[in-house]
Amino acid sequence: MNVYGEGFCDAGIRRSINQDVIAMYQGGDTGLYLVSDGMGGHSEGERASRELLTACRQWWRKRQERTAELDFQENISQLQEVLTRASRKIWEETPKGEICGATVVLLWIQEQNYGLLWAGDSRCYLAEPGVFRTSVRQLSEDDVWENQPGLRGRLSRKELAVHPNRGKLVRAAGVSEQFECRVRTGYLRKNFVFALCSDGVYKYLEPGKLSALLRKTLRSGDCGRALEEMAGQVYENHAPDNLSCILVKPLR
């Protein structure tokens with residue numbers, strides 16, 4: 001099953017620097033797709049996201065030079081190490097007392113398998129046919145304060161909703177000496193659409209719009225049109241942040 005991706009990466013209206021990056025490396029039934037969002041409000045967020053991009057590009061090029069393909073799990077392990085090394089480099093090159101980091105969501109597809117690696121609040125959604133209607137679900141979970149294990153047992157929903165730490169990142173690349181990304185793997189079905197996006201996209205779409213666009217894309221196969229509509233609506237909502245999205249689907 002061959003795969004194909006399209007995407008956009010824009011600065012938006014209010015930001016003078018684009019701290020987002022995207023990457024799409026694909027060939028046949030394998031593909032690597034990356035969205036990384038440099039942490040705004042801190043030092044050189046664009047340096048962090050570009051370091052992750054460079055690390056993934058170098059890994060892909062080396063993979064192209066191999067005489068034999070590694071199996072799926074070996075590639076996932078290598079990609080975890082790639083992100084870990086890039087995070088360590090960002091941390092080591094950041095002056096003491098400053099913070100430089102980036103969220104990352106990475107999708108690896110190999111034959112009938114997919115692997116998702118992420119840290120932070122850039123997201124991955126999956127649209128696939130269901131029994132009665134197309135299912136759209138978020139595969140990643142935001143690495144933010146309110147999603148930490150145990151908090152829901154100690155604080156009520158109301159307390160979580162109004163807490164001053166709500167929405168604060170608890171994991172990202174480059175922000176500390178130690179780095180941990182979360183991993184989720186699964187099997188591909190014949191019809192699917194993945195969406196990788198930064199928070200500058202999903203926070204500024206009307207409720208339900210992203211799901212509606214992914215369902216439409218699953219039916220039509222037209223990623224380009226969906227991306228145009230998505231970016232258009234974010235700009236209608238004044239695009240206050242950098243915005244990035246990649247749609248990935250099988251070739252028919």
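These legends describe close-up views of a predicted model. Local features need pLDDT of at least 70 and side-chain atom pairs count only at pLDDT 80 or more, while totals for chains, interfaces and linings use all residues. Residues are numbered from 1 along each chain as its sequence is written, and side-chain values use heavy atoms, with hydrogens and water left out.

**View A. Strand S4 is mostly covered.** Ala102, Val104, Leu106, Trp108 and Gln110 point one way. Thr103, Val105, Leu107 and Ile109 point the other way. Helices (H or I, at least four residues) and strands (E, at least two) are DSSP runs, numbered from the N terminus.

**View B. S4 pairs with S3 and S5.** Two strands pair if DSSP finds at least two bridges between them. S3 (residues 30-38) and S4 are antiparallel over 9 bridges. Gly31 has Ile109 of S4 as its bridge partner. S4 and S5 (residues 113-119) also run antiparallel, joined by 7 bridges. Here Val105 stands opposite Trp118 of S5. The S4–S5 hairpin has 2 residues between the strands, and Glu111 takes a positive phi near 55 degrees.

View C. H2 (residues 72-92) has 21 residues. Its buried residues are Phe72, Asn75, Ile76, Leu79, Val82, Leu83, Ala86, Ser87 and Ile90. An α-helix has 3.6 residues a turn, so residues three or four places apart point the same way. The cover includes S3, helix H1 (45-65), S4, S5 and strand S8 (182-187), with contact meaning heavy atoms within 4.5 Å.

**View D. Aromatic pairs number 5.** Rings of Phe, Tyr and Trp (its six-membered ring) pair if their centres lie within 6.5 Å; planes under 30 degrees apart count as stacked, over 60 as edge-to-face and the rest as tilted. Tyr25 and Trp60 are stacked, 6.0 Å centre to centre with 20 degrees between the planes. Tyr25 lies in strand S2 (residues 20-27) and Trp60 in H1, 35 residues apart. Tyr25 is buried at 16% relative accessible area, and Trp60 is buried at 9%. Tyr114 and Phe194 form an edge-to-face pair, with centres 5.2 Å apart and planes at 65 degrees. This pair links S5 to strand S9 (residues 193-197), across 80 residues. Ring pairs also link Tyr25, Trp59, Trp60 and Trp108 into a cluster.

Key:
Buried means under 20% relative accessible area, exposed over 50%, partly exposed in between (1.4 Å probe, protein chains only). The expected span of a helix is 1.5 Å times one less than its number of residues.
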